[in-house]
Amino acid sequence: MKTFPTSAVWCFGILFISASLITTGSSEVQVVGPADRVDALAGDDIILPCSLKPNISAKDMLVQWTGLYLKTRNVHLYRQGRDSNEDQFPSYRGRTSMFHEELKNGNVSLKLTRVTLSDAGSYRCFLPTLTSQVKETTVQLFVGAVSQPVISIVGTKDWGVVLKCESGGWFPEPEMEWLDSSGTILPADGPPERHRDSEDLYALRRHVTVDQTDTNRFTCRVHQTEINHLKETEIHVPDDVFPKSHVGLIIGLSILLAVVVLAASAGVYKWRKHTDKVTRERDGLKGELMELREENSKLCVKVFVLLQLHACISLIQVKTLALKYTVYHKSEYTAHIFVNI
């Protein structure tokens, strides 16, 4: 009978230890961080999340925040209930802090103010005094840079106005486009001009020629898809900036062209009509000339015949007179002879 209590105590002891081990294993404290990276813009104040699960107090624990670069940098150190940053990397001085009032809830997140492009990278949240297998987590920080686009009027081209959009201080490299008042993308005057400055920031410039519309409002948009951030600037172009009276000029030129065409057509018609008249008159004169030539030929023949007849008659008359003369003289000679006889 005395062995039963002893056996029972041993059994209950084993069950209690097993239950404690199971409970302890299932509720082991872990250091957890965000599932996604933290995106920020240069100049922003951001929070690098890190906490204990389940939520237990970290007020008396050692918390180390380090930057995982080519060489580890001490970013922030909390120990013995206070911040201890004697060995802090110089670029982080005065820019890091923890939420002391949240430490009792297991929140060991780090606040980093006025972030710069050089702050981008991996950060480790490490609690070395934690009695757990998972004592650390890593947080990825991505830092971008943006700036407001600036629009200016360059001049005029044909019947439109040339606009220029410039924007510098971007990282990573963005895209630039022009839009009208309805949000339709406008065809720009060629691809954007790009360059990087000494701080590895991108600058863009792009031109567009716009025609006069009902609103004369146009927008330059710069968009960085990796950090999903955009900046827009709108401009209203006054009506008097656009080239004047181009509609009236076009109508006037069209009317002038029509008048010129009609005048030319009328001139061609008159010239052809005059040419036809001259041709007909010339052909008539040729006909009349041919008739005159034929009549002259006939007249010449008649004259020739008449002249021939006249010559013949004259010859006959001469011969007749000669004959009469001969006869007369012969008669006188004969009479003389008779008288002398």
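Q: Is F171 buried, partly exposed or exposed, and what is its relative accessible area?
A: Bear in mind that this is a predicted model. Buried means under 20% relative accessible area and exposed means over 50%. F171 has a relative accessible area of 24%, so this residue is partly exposed. Y202, with 14%, is buried.

Q: What kind of aromatic pair do F171 and Y202 form?
A: A pair of aromatic rings is described by the distance of the centres and the angle of the planes. For F171 and Y202 these are 6.5 Å and 25°, and the pair is stacked. F171 lies in the loop between strand 13 and strand 14, and Y202 in strand 17, so the pair ties together parts that are 31 residues apart in sequence.

Q: How many aromatic pairs are there by this rule?
A: The count is 4. One of them joins Y69 and Y123, with centres 6.4 Å apart and planes at 85°, so this pair is edge-to-face. Y69 lies in the loop between strand 5 and strand 6, whereas Y123 is in strand 10, so parts 54 residues apart in sequence are tied together. Y69 is partly exposed at 23% relative accessibility, while Y123 is buried at 0%.

Q: Which residues do ring pairs link into a cluster?
A: The cluster consists of Y69, F89, Y92 and Y123.

Q: Which ring does the charged end of R37 sit over?
A: The ring is that of F142, with the charged end 4.2 Å from its centre. R124 lies over the face of F126, 4.8 Å from the ring centre.

Key: Residues numbered from 1 in each chain as written. Predicted model: local features only at pLDDT ≥ 70, side-chain atom pairs only at ≥ 80, totals over all residues. Heavy atoms only, no water. Phe/Tyr/Trp six-rings, centres within 6.5 Å; stacked < 30°, edge-to-face > 60°. Helix = DSSP H or I, 4+ residues; strand = E, 2+ residues; numbered from the N terminus. Buried < 20%, exposed > 50% of the residue type's maximum accessible area, 1.4 Å probe, protein only. Lys NZ or Arg CZ within 6 Å of the ring centre and 35° of its normal.
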